[in-house]
Amino acid sequence: MAPALPCRPKLRLLCVALAFLLAVDIGRADIYEDIEIIWSADHTYYFMDGESEALALSLDYNRGSAFKSKEMYHFVRIDIDIKLIEGNSAGTVCTVYTISEGPWEVHDEIDLEFLGNSTGEPYTLHTNIFANGVGGREQQFKLWFDPSSEYHTYSIVWNPKRITIEVDGVTVRTFDNNEDQGVPFPSYQRQRVYGSLWSAEDWATQGGRVKTDWSLAPFVSYYRNYNVTWCQPSPGVLWCGTEPAESTHFNLSPKALADLQWVRDNHYVIYDYCLDRSNRYNDATRPKECSLPPRP
């Protein structure tokens, strides 16, 4: 892990760049060597799943289990394969997310949460982004496959221009950096990767109407092929955080734009905070980014 560097506010970007240069190797990680169990080691186990080493997290009535990365990252791509609980998973939540470790009131976080459901009903992929302590940016998706029958790859791509969430390489969500318009964005704090399996039967499945059938416990989810790729700037630029504002290096590809349209055209987006017409927001309180044009 890179050592802490004393940083004056005006030198913040330079300090972050130096921390990056002192950090771990670009483009590698290992689910056994680079993560550690933080909840309930007796509810977890490593095993060989084919040619890949995998980690199982389990949940029973008493407790769940979780892991975290040993390193912290700043502008990075995180890829991990997950196989979710088979059968009736109502009330369970399986996660992979990143979060900063500074004061909670200004924390940054990028969430992927898989909300379980009754047998035969689809999982919900719940995503949220916190920046400078401000969240409430939920988007939810139904998936176009059964995420419990085999592994699928889930990715968080975080660069200075946007956050992108991918499922099996398909871009399902973006969150643009609109700091110049007064919208908070995770720019300065490093984040650590976490994964967990826990109970949220009071809200996770159909708003808490469907409870967990604890007679089916333990519930187990599986993780493998954890990989970290540091953000790569354009040629001649020291670090992603110093990429010029006018650079097109992080522009969305035609495929990513087509993916986003495909996801919406096929009604895989089941909730979008910007489109919420309930009593949650009115025209005066709706988050500012909802009225801004998308960045290229």
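Helices (H or I, at least four residues) and strands (E, at least two) are DSSP runs, numbered from the N terminus.

## Basis of the model

This is a predicted model, in which local features need pLDDT of at least 70, side-chain atom pairs count only at pLDDT 80 or more, and totals for chains, interfaces and linings use all residues. Residues are numbered from 1 along each chain as its sequence is written, and side-chain values use heavy atoms, with hydrogens and water left out.

## Helix H2

Helix H2 covers residues 254–265 and includes Ala 258. Ala 258 is partly exposed, at 45% relative accessible area; buried means under 20%, exposed over 50%, and partly exposed in between (1.4 Å probe, protein chains only). The C-alpha atom of Ala 258 is 9.3 Å from that of Val 170, although the two residues are 88 apart along the chain.

H2 also holds Lys 255 and Asp 259, which are four residues apart, about one turn of the helix. Their side chains form a salt bridge with an N to O distance of 2.7 Å. The term means a side-chain nitrogen of Lys or Arg within 4 Å of a carboxyl oxygen of Asp or Glu. Lys 255 is partly exposed at 47%, whereas Asp 259 is buried at 11%.

## Other salt bridges

By this rule there are 11 salt bridges. One of them links Arg 280 to Glu 138, with the closest N and O atoms 2.8 Å apart. Arg 280 lies in the segment after strand E15 (269–272) and Glu 138 in the loop between E8 and strand E9 (139–142), so the pair ties together parts that are 142 residues apart in sequence. Arg 280 is partly exposed, with a relative accessible area of 34%, while Glu 138 is buried at 15%.

Asp 272 and Arg 264 also meet in a salt bridge, at 2.8 Å from N to O. Asp 272 is buried at 9% relative accessibility, and Arg 264 is partly exposed at 37%. Elsewhere, salt bridges that share partners join Arg 77, Asp 79 and Glu 166 into one network.

Strand E11 (residues 162–167) is mostly covered, as six of its six residues are buried. Arg 162, Thr 164 and Glu 166 point one way, and Ile 163, Ile 165 and Val 167 point the other way. In a regular strand the side chains alternate between the two faces of the sheet.

E11 pairs with strand E10 (residues 152–158) in the antiparallel sense over five bridges; two strands pair if DSSP finds at least two bridges between them. Glu 166 of E11 is the bridge partner of Ser 155, and a hairpin of three residues joins E10 to E11. Strand E12 (residues 170–176) runs antiparallel to E11 and is joined to it by six bridges. In E12, Arg 173 is the bridge partner of Ile 165. Two residues separate E11 and E12 in their hairpin, and Asp 168 in the turn has a positive phi of about 50°.

An unreviewed UniProt entry places the feature "glycosylation site" at Asn 117. UniProt positions are given in the numbering used here, feature names are shortened, and annotations may be inferred rather than shown by experiment. Asn 117 is in the loop between strand E7 (109–115) and strand E8 (124–130), and is buried at 11% relative accessibility. Not counting residues up to four places away in sequence, its contacts (heavy atoms within 4.5 Å) include Gly 87, Asn 88, Pro 122 and Thr 205.

Thr 124 lies in strand E8 and is buried, with a relative accessible area of 16%. With the sequence neighbours up to four places away left out, Thr 124 touches residues including Glu 113, Gln 140 and Ile 270.
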